[in-house]
Amino acid sequence: MTIKNKTNKEQISSQVEKPGCIFPDVLSNFTKFGKKGKLNNICSYGGHMKQETNNRVPMFEDIPENASNIRLGHLANTKKKNAYRQEAILGVLFAMPAILGFIIFTLGPMLASLILSFTDYAVFNKLKFVGFENYINLFNGDNPFFYKSILVTFYYVALSVPLGLTFHFFLAVLMNRKIKFRGIYRAVFYLPTILPIAATCTVWMWLFNPDFGLLNYLLGFLGIPKLMWIGSEAGVVPSIVLTAVWIAGNTMVTFLAGLQDIPRQMLEAVDVDGGNAFHKLRHITIPMVSSTIFFNFIMGIINGFQVIVQPMMMTAGGPNNSSLFYGMFLYKEAFEFSRMGSACAIAWVLFIIIMIFTGLTFKSSPMWVYYEGEVKGK
Amino acid sequence: MKSRFMEKISIAQVLTYILLTVGGIIFLTPFYWMFRSSLMDQGQIFEMPPIWLPNPIRIDNFKEALTIMPFNRFFFNTAVIVVFATAGVVLTSSITAFSFARMRWPGRDKVFICLLSGMMLPQYATLIPTFLGWKFLGAVGTNLPLIIPSWFGGGAFYIFLLRQFYMAIPKELDEAAYVDGAGYFRIFVQIILPLTKPAIVVVILFSFLHYWNDFLAPVIYLNDVSKYTLTLGLALFSGMYNAQWNLMMAASAVVAIPAIIVFLFGQKYFVEGISITGLKG
Amino acid sequence: MKKAIKILSLMLIVSFVFGTVFVGCGSTNKEPVKADASTKDAAAKKEPVTLKFTYWGSPIEKKAVEDCVKKFQEKNSYITVDGMYIPSADYLTKITAMIAGNDAPDLGYMDVSLAFKMAEEGKLCNINDFLAKDSELKKEDYLDNIWYNWAPGKSLGTNSACESITLLYNADMIKAAGVETPPTKAENAWDWDKFVEIARKLTIDSNGKNALDPAFDYKNIKQYGVQFPTTWQYYMPLVYSNGGDYVNDDGSKLTLSSKEATDAIQNLADLVNKYHVAPSPVQQRSMPAPSVGLQSKQVAMILAGQWNLLDLGAAKLNFGVGVLPKLKKSVTLVLGSPTVIFSGGRHPEEAWLLYKWLQNPESSIDLQAGGLWMPLMKDWYTKPELISKWAENNPSHPEGYKDAIMKQTIEKGVSGPAYYVKGFSEIDAIIAPALEQVWLGNKTAEQAIKEVEPKVQEKLKGRYDNKKQN
């Protein structure tokens, strides 16, 4: 049997033309090959899972062969080669929109800003190259805002990413339960994300009011003295983290979608074996959504380092620059002080910081991210 | 044994309801606050301690708000952008992500990192060069700069998201189809897409909300008020020195309604059974 | 692997080309278009001309500007004005992008600091040149303290409208507390102690006790005596009143650290932290705009821009105006933001026509009479028949307005630091956060400013030649 067996192909296409045939098709494939495959292993949850994950970290060199064994083991070598080439050509073709999009819309402006970071570009002046001056002025402490804004931003990321992930993960788990009015509940928790951000920020400023705000009112019941929230240098970043977590409903929705990938049988297997909710979470849910956790973590870092809108609306950087986020610093430099060249340098410093964190996360991912259907590239 | 099992579930259920209801009330406060503000006059909104029930109820705010902001026109403008952009995002990001997740080609992972890196440079640094690019193409003042990029992969965010979901699908599924002689495109359309409906819904939802609430790009690329989107319309209510909060809240509430409806429809797809599990169980 | 490198390098090359094209078209196209010839032709033949004009503003302002522009087009039928309204929050971003794209408007509202920088780079027209050629207007027709001169004889323009800082109050609340009405004449201006005393009488806690009462509970204030935003627009009038200034005469030294200046700032901060008669910046964040606070009786007096008259007049509130309290002498601060004509436009003559039209109080009379703007021309402050067109017989201009604001602005108005301190936005970006500690009561004004003085000193670049009238 060859891969491009014509009759087979026609068969499939004729099947497809019948409406409603996609599912049965998938179904038959699934039952044919899936049953004796991994699902059965996973269903006897626990130790296996871990083992599977570990097995999933093969040496880089042997992957192509591994993969080809599974896929094309029964083919002659030349055909294998052809199939490879075909896969590669199609793969690049499929990815072409994104590659083109990146080259056209992203790479050019990125390189332009990199070049500008070595100039004194101010939008309306004659451009002059200044070497590393923009970068040196940042690191030698001449700029009164640089180190401050880096500290503030790191603090924010360190708080908001773990908090946001945990909160929305558990929210998603709750939202995935069989409850009445589930849609309404989900909408309610997603509402802050939907509403225009100006509206949500206004509400939070009211909640944070030290005298009349709801938060201090509630704390009063617990006998906790009034907090200054966004009014104090110590409280302002945690307060903004609170609002950031509140409007990060997208994290919840991503988790919710990720949770749909967990076969119910696996969870039931835990029940049968007498496992409790914690076991389910630890051995099934978390590993199975680890790819979503990975996604949310990376995006949390990328977006967290660039946060700008809420602090701009709520504190404008105050008090005493204690909420002067890196993105705001950049914005001011670029548009209020019209030093676009320096702003580009500021941006590229952040780029490198984010790149390092993202890179480390990617490097660590084989240890904790589990992909059921990972196909390694070569 | 069985009754104890049931009991456990019901306690868990009750706890869930309590948690969700309390949390829900907290999360609902801003919406309620916004809504009641939209029915008040300027002075009442900020009164402390807060007024919970507006009295008198000023429905006229809505009328006034929607007069200042030509709602129908802005709605139409926004809808055009949202529909075309979201279509572009879904169609191109899904096939691209498929390639990055389940096909092998040289340099794939490096290219992917390149794509991701596009999100790591703050947009204010690339704003001017990007603007100049569109200017060069003569597209400033039209909604093309807002729509066209979505047809080129839709942005690394969506590709990354879908890639994660695609990678979570057991390999056996497409291998089987592959052995049966199906091509990659067919595998993508017939197996991968149906299995990742929730993820596709997430992409639609996020993309909808993104373009619906986007502010910076429209403000930069649209020159003519008659081409403005709803979010820009909201900015009409705040001047240099003052803002008409009650009208702005009324308009915000109206602007949020379509988004809420889209979410309510979309979230129905977050049900076990659409995804892989349902096929087997 | 080789393929990967090939692909990557190809991508690099292509994008590099794009990058340079982008940068290139940003920098090369900057040569101003030779304007003279074409405009003379246009004027002679009255060929159709299109002007691009950018502005921001509230809905009312937007409508007024639209009407104003429409009338202009009716009068000059060969000119089409492409009026571009830009939300104020992103005006700077958008205008920067337009300038970068060599797509600057012919004329438009502008941020002060950016305008000065652009003017120094030769990107803005010298309005004096237009005035010298103009047969209808002379520079002397304008108020003196609204000009932005970036060098001797070179002016990038005037304010879009004249504004000043004043004291506004809710007349019913003053009456209810049984205190004196704030004076409207400069010579009667309250001194600081008097002002504090009145403010204390007007501050009332939830038990109904005022701030002079020993049992006054400052943690539960229901009604504040006075409210003021904590930005330079509001502390600088007091600094001037105390004989202080932002920088010295040649702009080489920060004088905001002098005793006159820090005392004035400290006085304001004491209203918040010592006397508890004014809300702190934190409390203000969840309070309405000051003019709304007056309406909702959260605050009895506000130190505010005169533009608030529009809202107060529209709200039909029983309000009054007074002169600011004084420390040594009675002054007010004049402020605004400039309208500029960009150089390199094709039709500078027509741009000037529109510029004049926008400056003419007659053509935007609704905004003048409505209370948002004040006229830029001297005659409108002195000639009764012109004054009656805007400052009388309307709800936005109550009794006493002519003394407390109109006269005060032309006689005692001082142009704010934005007019004359070079690189002001950057300097304020250092000063403002430092002062936040003062408003919160963590530091004295002297401490806070002395701390940042060395940093500010580095940023000082001198002073623009702008008349500081007093």
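**Briefing: domains, core and chain contacts in a predicted model**

The domain assignment of chain B gives domain 1 (2–58) and domain 2 (69–236); such bounds come from an automatic or database domain assignment. This is a predicted model, in which local features need pLDDT of at least 70 and side-chain atom pairs count only at pLDDT 80 or more, while totals for chains, interfaces and linings use all residues. Residues are numbered from 1 along each chain as its sequence is written, and chains are lettered from A and ligands numbered from 1 in the order in which they are written.

**Domains**

- In chain B, the C-alpha centres of domain 1 and domain 2 lie 34 Å apart.
- In chain C, the assignment gives domain 1 (35–162 + 336–390) and domain 2 (164–335 + 420–459).
- The C-alpha centres of these two domains of chain C lie 32 Å apart.
- Their contact takes 10 residues from domain 1 of chain C and 9 residues from domain 2 of chain C; two residues are in contact if their C-beta atoms, placed from the backbone, lie within 7 Å.
- On the side of domain 1 of chain C that touches domain 2 of chain C, there are 5 nonpolar, 5 polar and no charged residues.
- In this grouping, Ala, Val, Leu, Ile, Met, Phe, Trp, Tyr, Cys and Pro count as nonpolar, Asp, Glu, Lys and Arg as charged, and the others, Gly among them, as polar.

**Chain C: make-up and a hairpin**

- Chain C has 20 helices and 13 strands; helices (H or I, at least four residues) and strands (E, at least two) are DSSP runs, numbered from the N terminus.
- Of the 470 residues of chain C, 56% count as buried, meaning that 20 or more other C-beta atoms, placed from the backbone, lie within 10 Å of the residue's own.
- Among contacts in chain C between residues at least 6 apart in sequence, 74% join residues at least 24 apart.
- Strand β4 (residues 147–151) of chain C runs antiparallel to β5(C), and 4 bridges join them; two strands pair if DSSP finds at least two bridges between them.
- Trp147(C) has Thr158(C) as its bridge partner in β5(C).
- The hairpin of β4(C) and β5(C) has 2 residues between the strands, and Gly153(C) takes a positive phi near 75° there.
- Strand β5 (residues 154–158) of chain C is largely enclosed by the rest of the structure, because 4 of its 5 residues are buried.

**The largest nonpolar core**

- A nonpolar core is a set of buried Ala, Val, Leu, Ile, Met, Phe, Trp, Tyr and Cys residues joined through C-beta atoms within 7 Å.
- The largest one has 349 residues, and those with the most contacts inside it include Leu330(A), Leu161(B) and Ile341(C).
- Helix α6 (residues 77–116) of chain A gives the largest share of this core, 12 residues.
- Leaving aside neighbours within four places in sequence, Ile341(C) is in contact with residues including Leu107(C), Ile127(C), Trp352(C) and Tyr355(C).

**Chains A and B together**

- The contact takes 101 residues from chain A and 100 residues from chain B.
- On the side of chain A that touches chain B, α6(A) gives the most, with 21 residues.
- That side of chain A divides into 64 nonpolar, 23 polar and 14 charged residues.

**UniProt annotations**

- An unreviewed UniProt entry annotates residues 146–361 of chain A as "domain: ABC transmembrane type-1"; positions are given in the numbering used here, feature names are shortened, and annotations may be inferred rather than shown by experiment.
- Those residues of chain A are 74% helix and 0% strand.
- For chain B, an unreviewed UniProt entry places "transmembrane region" at spans including 112–134 and 187–212.
- Residues 112–134 of chain B are 78% helix, with end C-alpha atoms 25 Å apart.
- Residues 187–212 of chain B are 96% helix, with end C-alpha atoms 33 Å apart.

Technical notes. A residue is buried if 20 or more other C-beta atoms lie within 10 Å of its own, exposed if 12 or fewer, and partly exposed in between; C-beta atoms are placed from the backbone.
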